[in-house]
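Colleague: I am new to this one. Can you take me through it, term by term?

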Amino acid sequence: MGLDIKSVLIVDGVGQNCAKILTSHGIPNVTKAKITSDELLKEIGNHDGLVVRSASQVTKEVLNAGTKLKLVARAGAGVDNIDVAAAGKKGIAVINAPGANALSASEFTCGLMLALARHIAPAATDFKNGQWMRAKYTGTELHGKTLGVIGLGRVGRQVATRMNAFGMMVIGVDPFLSAAQCEEFNTTKVQLDELWPIADYITLHTPLVEKTKNLINAEVLRKCKKGVKIINVGRGGLINEQDLLDGLNSGLVSGAALDVFEREPPIDPVTLLIVQHSAVLCTPHLGASTEEAQIRVGEEIAEQIVNLVKPGTFATPIAEITRILRK
Ligand code: MLT
């Protein structure tokens, strides 16, 4: 006996294939690509299921307003925009599509690293504005540098593999992998305190949970190699933004490439100063934004929903109800 879902609300621009798959399996759905938090609060009471990306915050208030709600599906990996604990208490299932966009996020991370090392974005902007400035944009090679990967899950290990090909020495932190498992993708397992002083580049791929909040902070930056470069395609909140800004201004940090922010879109003055900083390359949460990833995510999440309603329809394993994030 599957979940009784009579209507699914799909928001945040989730791929249209999600709606198509649900419809073709007799699951009524409504798409509102853009929805404000007030609109979501008003609308959610009409639906048994909700599909979100990262823009909508599925707070306790939204869950309370969703009087019929049985399922919240995250079309992506991170469920930090969903109050999973509150959902659990109300018996609302939370599912995600953890692997579907990992390849895109890892390619994006590597692209940011290259762009940071070679000042590609500011050099291109200046050139478009008529400035031919070769000396100003002398960069550094990635070859021979040490890359510290924090979190060797689906994205982190693909970044490690790709940056190995650039001749970087990859070290990584992940409490769930053994040294031998890390060796399989040419990564030396280290502890955080060993990583800080030797990494030239640090890239973050760990979920945002209580333990990882403000992982990069003033104390850590003091332990890092002077001039370290930081890449974050993981989650805003992993970096203490004020401490990063101070680190950039003092030269402790020589560059940062950031795709995610504590609040998106950013409005906090500190975040805005980071976005404007000349040593920072910023993008608007684009890690998973590729045609391929969005097709995979839409498909994976829709198939999971269909399987919850009509168990066994798809061969993909049935969704883990209220997936417990790695602690
Ligand atoms: C994720 O958690 O997988 C990404 O943030 C997905 C997204 O961009 O929606």
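What follows is a set of questions about the terms used for this model.

Modeller: First, the ground rules. This is a predicted model, where local features need pLDDT of at least 70, side-chain atom pairs count only at pLDDT 80 or more, and totals for chains, interfaces and linings use all residues. Residues are numbered from 1 along each chain as its sequence is written, and side-chain values use heavy atoms, with hydrogens and water left out.

Colleague: What makes up domain 1 and domain 2?

Modeller: Domain 1 is 8-98 + 291-309, and domain 2 is 102-282. The bounds come from an automatic or database domain assignment. The C-alpha centres of the two domains lie 30 Å apart. Six residues from domain 1 and five residues from domain 2 take part in the contact, which means heavy atoms within 4.5 Å.

Colleague: How much area do domain 1 and domain 2 bury between them?

Modeller: About 490 Å², with 39% of it on carbon and sulfur atoms. Buried area is the accessible area (1.4 Å probe) that two parts lose on being put together, summed over both. On the domain 1 side, Asp-80, Pro-98 and Arg-296 lose the most, together 70% of what that side buries.

Colleague: Why is the pair Arg-235 and Asp-80 called a salt bridge?

Modeller: The rule asks for a side-chain nitrogen of Lys or Arg within 4 Å of a carboxyl oxygen of Asp or Glu. The closest N and O atoms of Arg-235 and Asp-80 are 2.6 Å apart, so the pair qualifies. Across the interface of domain 1 and domain 2, the rule finds one salt bridge.

Colleague: Which residues are around the ligand?

Modeller: Arg-53, Ser-54, Arg-74, Gly-76, Ala-77, Gly-78, Asn-101, Arg-235, His-285 and Ala-288. Each has a heavy atom within 4 Å of the ligand. By class, this shell has two nonpolar, five polar and three charged residues. Gly counts as polar in this scheme.
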